Amino acid sequence: MKANTYVAEVEQLIHQLIEAGTSFNVDALERIYHDTLKVIMIDPTGNTSIADKAMFKGMFQSKRDNNEPALNTWAEFHRIDADEKNAHVLISRKVKLMEEEQKITLSIDLVKENDSWQVTREVIFIRAGD
């Protein structure tokens, strides 16, 4: 399999991740997120917070339970690197994680296990005033 095939697989999974996250599809997030998922958020002032898979899925579950409107699906892919086992995606998104929509940049690490890609780490840079 050629490297560009892996890139295409990873891009397709990221689109599925965006769809699952923006529509609060917790079952799909369960499949896409690896059990060892770590999500590190860095706010514009440099403060960091860390969440595991259960905590991050819980945020989406809460949005679903509160009948919040679907999130923005806008995405700009900056780079995808992938081989037969590991992948990295650099992407910008517009999302409403807190009170108002913000532009964020994500560094996403993935691993391929049992013919399936899963997200192992997301580093989320929340940008100020974009």
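Residues are numbered from 1 along each chain as its sequence is written, and side-chain values use heavy atoms, with hydrogens and water left out. In this predicted model, local features need pLDDT of at least 70 and side-chain atom pairs count only at pLDDT 80 or more, while totals for chains, interfaces and linings use all residues.

We start with the sheet. Strands of a sheet pair through backbone hydrogen bonds, either parallel or antiparallel. Here, six strands make up an open sheet with mixed pairing, in the order β2-β1-β6-β5-β4-β3. The edges are taken by β2 (48–52) and β3 (75–82); each has a single partner strand, so one side of each is left without a neighbour in the sheet. On average, neighbouring strands of this sheet are turned by 15° against each other, direction ignored. In these descriptions, helices (H or I, at least four residues) and strands (E, at least two) are DSSP runs numbered from the N terminus, and two strands pair if DSSP finds at least two bridges between them. Axes are lines fitted to C-alpha atoms, for helices over the stretch in contact, and angles run from 0 to 180 degrees between N-to-C directions.

Within the sheet, β4 (residues 86–95) pairs with β5 (residues 102–113) in the antiparallel sense over 10 bridges. How enclosed is β5 by the rest of the structure? Of its 12 residues, 10 are buried, so β5 is largely enclosed. Buried stands for under 20% relative accessible area, exposed for over 50%, and partly exposed for values in between (1.4 Å probe, protein chains only). Helix α3 (residues 53–65) lies across β1 (33–42), β2 and β6 (116–126), and runs at about 75° to β1.

A closer look at β4 brings up Arg93, which has its place in that strand. Arg93 is buried yet has no salt bridge, and the nearest side chain of opposite charge, Glu101, is 7.9 Å away. Lys and Arg count as positive and Asp and Glu as negative, whereas His and the chain ends are not counted. A salt bridge is a side-chain nitrogen of Lys or Arg within 4 Å of a carboxyl oxygen of Asp or Glu. What does lie by the side chain of Arg93 is the backbone oxygen of Asn72, 3.2 Å from one of its polar atoms. Leaving aside residues up to four places away in sequence, the residues that Arg93 touches (heavy atoms within 4.5 Å) include Ile18, Thr22, Trp74, Gln102 and Leu106.

Side chains of opposite charge can pair when their charged atoms come close. In this model the count comes to seven salt bridges. One of them joins Asp35 and Lys53, at 2.9 Å from N to O. This pair links distant parts of the chain, with Asp35 in strand β1 and Lys53 in helix α3, 18 residues apart. Asp35 is exposed, at 63% relative accessible area, whereas Lys53 is buried at 7%. Lys63 forms a salt bridge with Glu68, their closest N and O atoms being 3.3 Å apart; Lys63 is buried at 5% and Glu68 is partly exposed at 32%. In a further salt bridge, Arg121 and Asp109 have their closest N and O atoms 2.8 Å apart. Arg121 in strand β6 and Asp109 in strand β5 are 12 residues apart, and the pair links distant parts of the chain. Arg121 is partly exposed at 39%, while Asp109 is buried at 17%. Salt bridges that share partners also join Glu30, Asp35, Lys53 and Lys57 into one network.

Finally, some backbone angles deserve a glance. β5 and β6 form a hairpin with two residues between them, and Asn114 in the turn has a positive phi of about 55°. Asp115, in the loop between β5 and β6, has a positive phi near 60° although it is a residue other than glycine. Phe24 is not a glycine either, and has a positive phi of about 60°; Phe24 lies in the loop between α1 (3–22) and α2 (26–32). Are these two residues buried or exposed? Phe24 is buried, at 3% relative accessibility, and Asp115 is exposed, at 74%.

Conventions: Polar contact = N/O pair within 3.5 Å; in protein donor to acceptor, adjacent residues only side chain to side chain.
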